[in-house]
Amino acid sequence: METLTRKQKIFNFPVVKIVLALLTFMAVVIIGQQIAVKLLALTPLEKDYRNLLKGLFVSFSCILSYILFFKKYDKRAITEFSAKGLAKNLTIGILIGFVLQSFTILVMYLNGNYSVVNINPVSFILIPFAIMFTVAIIEEILVRGIIFRIVEEKLGSYISLTISSVLFGVFHLANPHGTIISGICITTAGFMLGAAFIYSRNLWFPIALHFAWNFTQSGIFGAITSGNEKTSSLLEAKIHGPEFITGGEFGPEGSIQAIVFCALGTILLLVLSQKQNKIITPYWKK
């Protein structure tokens, strides 16, 4: 009995739980991608449609693995992916992400740094849609669903929010063309996404916000996202001018205005969460 109790304590230790969850989750992502690629290679589908289906398959595998892992590990219902309020969380998240990114581009446009060169067919959004949908699910499960949520149980909302957001920013420093401003912006975006989870207590909200922010940037306005290769987009644009406004080769989310808009989103969500008593206090204050 003593040995079992000791094992339970070890497996319930936050760092152990986080490491095991991350290893399991990343294994699912890697294996899921390989399976999807091999299966879709057997079909006559065009590349764009194969990429879309691969993204959907990997995304579904990620969500399913998260639910099964924590349902077994924590022996609880996984409310983070509850269907209750799903439409509301997706709608509000997409709306916020779209509006904030549109404001970021608007500042560039008003400053003469952004102009539309061509309008492409709607089919051009398939690749960025598949990429950004999958990226949003993977990153939100990793950072908010695993790291933030588990750390929050012990250290409380604000400390966990700071730790997970800084890590989110650090992870993106490995992206091409990263700068100090882009690092600050991604960290601030991490605060906003974490605040979205605190407010909703549901991963669908930050996933939708994350997806809309990225997709609006690359799939609609034709800008680079996080220093990665430019994808096809609805609007083909010419972006030029000072890096602190355009984000340079990292993309608009490496700009000053993006930091401001993400900070405003964070403050609003945290104020609402505080008013609704959704902030969790550290264990030593309970």
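Domain bounds, as used in these legends, come from an automatic or database domain assignment. The model is predicted: local features need pLDDT of at least 70, side-chain atom pairs count only at pLDDT 80 or more, and totals for chains, interfaces and linings use all residues. Residues are numbered from 1 along each chain as its sequence is written, and side-chain values use heavy atoms, with hydrogens and water left out.

**View A. Salt bridges of K17.** A salt bridge is a side-chain nitrogen of Lys or Arg within 4 Å of a carboxyl oxygen of Asp or Glu. K17 pairs with D74 at 3.1 Å, N to O. Because K17 lies in helix α2 (residues 14-40) and D74 in the loop between α3 (47-73) and α4 (86-110), this pair ties together parts that are 57 residues apart in sequence. Helices (H or I, at least four residues) are DSSP runs, numbered from the N terminus. K17 also meets E153 in a salt bridge of 4.0 Å, N to O. E153 lies in helix α5 (residues 126-155), so its pairing with K17 ties together parts that are 136 residues apart in sequence. K17 is buried at 6% relative accessibility, where buried means under 20% relative accessible area, exposed over 50% and partly exposed in between (1.4 Å probe, protein chains only).

**View B. R149 and E153 in helix α5.** The closest N and O atoms of the R149–E153 salt bridge are 3.3 Å apart. The two residues are four apart in helix α5, about one helical turn. R149 is buried at 7% relative accessibility, whereas E153 is partly exposed at 38%. Both belong to a network of salt bridges that links K17, D74, R76, E80, R149 and E153.

**View C. The second largest pocket.** A pocket is an open set of points on a 1 Å grid over the protein atoms alone, where a 1.4 Å probe fits, with protein on both sides within 12 Å along at least five of seven lines; lining residues have an atom within 4 Å of a point. This pocket holds about 290 Å³ of space, a volume being the space filled by probe spheres set on the points, which are joined across faces, edges and corners. Its lining includes Q33, N51, K54, T134 and E139. Helix α5 gives the most to this lining, with six residues. At least three lining residues come from each of domain 1 (1-78) and domain 2 (84-276).
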